[in-house]
Amino acid sequence: MPCPPDARPARPSPLLEVLRPYLQSLGIVMALVVIGVYLSIMTPTFLTTSNLINVARQISINGILAVGVTFVLLTGGVDLSLGSVVALTGVVAASFAHPDGYPVVVPILLGILAGAACGATNGVFVAWGRVAPFIATLGMMTVARGLALLFSGGRPVSNMGPAMTRIGGEVADIPIPVLILGGVAAASWLFLTQTRLGRYVYAVGGNENAARAAGISVGRVKMFAYTLCGAMAGLAGIVLAARITTGQPNAGVAYELDAIAAVVIGGTSLSGGIGGVGGTLLGALLMGVINNGLDLMNVSSYYQQIVKGCIIVGAVWLDRRNKP
Amino acid sequence: MEAAGAGGDARQDLAIRRLESAVTVGLSPDSGILCHDDENAGLESCPVPRIEPESRRELSVPDHLPETEAPLLEARHVGKAFAGVQALADVSLTLQAGQVHALMGENGAGKSTLMRILAGLHPPDAGEILLSGRRVAVRSPHEAMRLGIAMIHQELMPIPDLTVAENVLLGHEPTLPLLGWINRRALREEARRLLGLLGAELPVHRRMRGLSVAQMQTVEIAKALACDARIVIMDEPTAAISDREVEALFRVIAALKERGVAIVYITHRMGEVFRIAQTVTVLRDGRHVGTYPVGELDERRLIALMVGRELNAVFPAPAASRGSVALSAQGLGRAGAFRDVSFEVRQGEVLGLAGLMGAGRTELVHSLFGLMPADTGTIHIHGKPARIRCPADAIRHGIGLVTEDRSEYGLVPAMNVRQNITLSTLRACSLGPLIRRLREARLADASIRGLAIRTSGSGQVVSQLSGGNQQKVVIARTLLSGPQIVILDEPTRGIDVGAKIEVYGIIARLAREGKAVILISSDLPEVLSMSDRVLVMREGKLAAELDPARTSQEEVLEHAMPA
């Protein structure tokens, strides 16, 4: 027996359907444009190549961390250990970057590996130990800081070779950290949108039980996300060490919070399953532009903190208001 | 059938029109949204009720109304859509003081939506609500309460660590004149008085935690009285209580009627309607089928109105031939869930699994699918022993599970229809790690056509679909992995009757294609009509194997009930 004719499913405008995922980002883009225009009028220096490159350089480390932690947030987790991992990996990389020591790939690889190891440890506890991500990564935050201090004897590790400090430099006027961020973001975007594992990341965050029932190995997906996030923190640590030409065991304090803020401003849901790298980049850019603007307008750095806090809450509040 | 429904509509329309004219002539409907009149002060401010029963009865029929039969509440042409899906269209409902009005319809017919609109949980998209002839807007549960509309939810929401008295008078605590301190003695006495009005005796100092569901219900109803509710909505109040408690509830309802309260009563139990209701409104697919005095109906006719067709047309004929054993289980057990379960299912056979909730059926199939592996026992698939430790193992062995709870285990709500359908079979449409989009879209579109999933496109977010279509998405995902053994756990729960019939068609088709089907259902007519063989589970064990052709619902229940 055929079912009765059913006129109930709605047919929303196809155009709206196509645009829907971008509407979110549209808000941030508009904010960026408005602030950009405002700053261009109010300050003579904002809209200059050198300043814009400066903004890009300033956001690169936060951007790399934010892209990495996007994976973790998409699975519905969180990583609070990023700042400490940045310090640890910076110290590790710097220690192996002696001018007449190993070739530069060695400190880079070791830094990334150290980060990945921290992330993998988080992943093991979260995925199979059933420890809440908040707790597991909070523990790692302290452990990684301790390891950084232990490894460096509590002192900054300087005397880095030129090949290493070159990472903090420029190629054809474009800062290398910015190129690294671009590469990392592009690869992550491709990964999340085009690969099977990327799809699984969304599925696990969107409904873990359904993902498991669909035959996805939820543990492996989480493990992957935390490990990748740690590796990217390692990369960020190397970039930071190269820029300040030392491995600082006390560096990176509270970096994880800026990174998470950028992801959340970019529209990724803290409960997982919704969002992406594009939004994260825009979020990091928005934070960077506002910081830069406040600098240019000689606003005290005390106010900058207050403004940043308001933006984080304001962005998420607007986001919530737009959702049913 | 259709003619009868249309006739009902016409009757209803006429009645409404008559009422409408009466109201427009009799009084000019206040354009203001809320009642601010003194007559309605009792509803307005909701203080600790001090109104004696006599004055309360006057209250329910304000004296300046020209006709005593002006309805207590009238909902006219109410409509509501969720994310573009029309849940309710042009539905009207008229409640008279002191009457029980049964609201009937299949799951998804729109009963809950209508009630949630009246209770202020959803704003309606269309139509208007009149209270004693006055237009009102019920914008929040709080406002509903102030207007005298109370809803007793199916899932009760008491505060477990407060006492009975504190729950009854939550938000209306009598206070001492100073500092707003709660007058505990007055609180207990008032609670006792309100419960007494319902003829219920409960220890008011007990914590809610220790109460039975039925007792909590009584507390909720007393709570409604504390707010001077004149309209009490009960959503399947007898679903989770024993027969004796049902009798007690009916006495409470009689007490409410006596006090001039209008009661909206939602139930799936036919017998109750004919016992306590005076009027019946039937909804189907979000539309108003008709409103009838209960005397005009009998059970058969009521079912036909709800379903919209004769029942025997619903279930397709079972498959004819059976093949070899597809899956056999020996001595399966899992601590605290089920034990010593052995059975087999053949190709082309539909094996029904009946039993009460909590009998271990869902746990059993979860163990077959590797969601929570069994502690003991063995599983053979096509005669070969199989170890199933996770769903991926099960899928590799050709087992597919359509899970019971769509939102918990079925769908990823933020993903679109296509992504949900292909979630288990992405490997088949990938090149290395990369997803082949075109192939994925083609697979999804074929499923959408094959199962007649109604969607604006495979890119539509799955949470926007109706329940039945969401269920079909879950089925589509399961079938896409090409299972030879298909397990369906309550596949028709919470979906409308049209979708149900389609699901029955899918099950029959699977059996014809030679797949082994295991069907869990708590709907006895469904499981008896769809299955070739029925196993009954009771308290974690197999209690009986029955031939659906030679058994009855009563016999199944006999085996399902704990001794």
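## Cores, chain A and a loop residue

Leaving aside neighbours within four places in sequence, I507(B) is in contact (C-beta atoms, placed from the backbone, within 7 Å) with V350(B), L488(B), V517(B), L519(B) and M530(B). This is a predicted model: local features need pLDDT of at least 70, side-chain atom pairs count only at pLDDT 80 or more, and totals for chains, interfaces and linings use all residues. Residues are numbered from 1 along each chain as its sequence is written, while chains are lettered from A and ligands numbered from 1 in the order in which they are written.

I507(B) is also among the residues that touch the most other members of the largest nonpolar core, which has 175 residues. Helix α10 (residues 218–244) of chain A gives the most to this core. A nonpolar core is a set of buried Ala, Val, Leu, Ile, Met, Phe, Trp, Tyr and Cys residues joined through C-beta atoms within 7 Å. Buried means 20 or more other C-beta atoms within 10 Å of a residue's own; exposed means 12 or fewer; partly exposed lies in between.

A second, separate core includes L88(B), A109(B), V273(B) and Y292(B).

| Item | Value |
|---|---|
| Largest nonpolar core | 175 residues |
| Given to it by α10 of chain A | 17 residues |
| Second core | 80 residues |

Chain A has 324 residues, and 50% of them count as buried. Its C-alpha trace spans about 80 × 55 × 35 Å along its principal axes.

Now a loop in chain B. D375(B) sits between α12 (361–368) and β14 (376–381). D375(B) is partly exposed, because 13 other C-beta atoms lie within 10 Å. R339(B) is 36 residues away from D375(B) in sequence, yet 9.3 Å away in space, C-alpha to C-alpha.

Key: Helices (H or I, at least four residues) and strands (E, at least two) are DSSP runs, numbered from the N terminus. Two residues are in contact if their C-beta atoms, placed from the backbone, lie within 7 Å.
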